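Please consult the sequence and the structure alongside the text.

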Amino acid sequence: MAGLELLSDQGYRVDGRRAGELRKIQARMGVFAQADGSAYIEQGNTKALAVVYGPHEIRGSRSRALPDRALVNCQYSSATFSTGERKRRPHGDRKSCEMGLQLRQTFEAAILTQLHPRSQIDIYVQVLQADGGTYAACVNAATLAVLDAGIPVRDFVCACSAGFVDGTALADLSHVEEAAGGPQLALALLPASGQIALLEMDARLHEDHLERVLEAAARAARDVHTVLDRVVRQHVREPSILLGD
């Protein structure tokens, strides 16, 4: 990556986007009939699939049941062909476990778990192609799958990454931008209330710049919400069109 110019003098990034511009997002809901909810999303060249089962009875030991809310179980995996780097273990490694934990924390903040005590909600996410913003794509796919399953939520959960290059905050980082290093931030936002479900940084960033990077991620997450809301409305409208309403 040495010598690669991530931001031109004219304000354009490597892929031609402006600093705060999202990559193209395409998504579909209800892609698996066997699951209670499912969704597929593409954010640029990053592709993720999410399926949801539940709420259902606790599987395994009944002692895991929570008397006042549902247990949220999240599992993450990546296809062996998702990156140029071949893996022996596409799931169950440290990164997958950490991602599963982050997803669980994210959706515990959004799902109205108190409406389903002593039950379990399973969210499975698989990355089919990784080209930056993996966590964000997983969250956005899982949000659509949870909504497809009809599980009550406080709000959409919309996620986006952001970075800081040459004094400029960049939203929705690609793999090239992530691989170049520098401060990177991942944000999951409940857009209606502005509540942050999860915020993570993987490098130091001076506090003078933090607000700008955080605002870039939040603005991008709201842009993601606009796209996801359109996908949900279209999905709800499709049965009506088929019935001739």
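## Surroundings of Y135 and the nonpolar cores

Leaving aside neighbours within four places in sequence, Y135 is in contact with M99, Q102, L103, T106, A159, A186, A188 and L198; contact means heavy atoms within 4.5 Å. Apart from the core that holds Y135 lies another core, of 6 residues, which include L6, L7, A19 and L173.

The largest nonpolar core has 63 residues, and L103, F107, I123 and Y135 have the most contacts inside it. Its largest share, 11 residues, comes from helix α4 (residues 207-243). A nonpolar core is a set of buried Ala, Val, Leu, Ile, Met, Phe, Trp, Tyr and Cys residues joined through side-chain atoms within 4.5 Å; buried means under 20% relative accessible area, exposed over 50%, and partly exposed in between (1.4 Å probe, protein chains only).

## Basis of the model

This is a predicted model, in which local features need pLDDT of at least 70 and side-chain atom pairs count only at pLDDT 80 or more, while totals for chains, interfaces and linings use all residues. Residues are numbered from 1 along each chain as its sequence is written, and side-chain values use heavy atoms, with hydrogens and water left out.

## Aromatic geometry

A search of the whole structure finds 1 aromatic pair (ring centres of Phe, Tyr or Trp, the latter by its six-membered ring, within 6.5 Å; planes under 30 degrees apart are stacked, over 60 edge-to-face, the rest tilted). Y53 and Y124 form this edge-to-face pair, at 6.1 Å centre to centre and 70 degrees between the planes. Y53 is partly exposed, at 28% relative accessible area.

Note on methods: Helix = DSSP H or I, 4+ residues; strand = E, 2+ residues; numbered from the N terminus.
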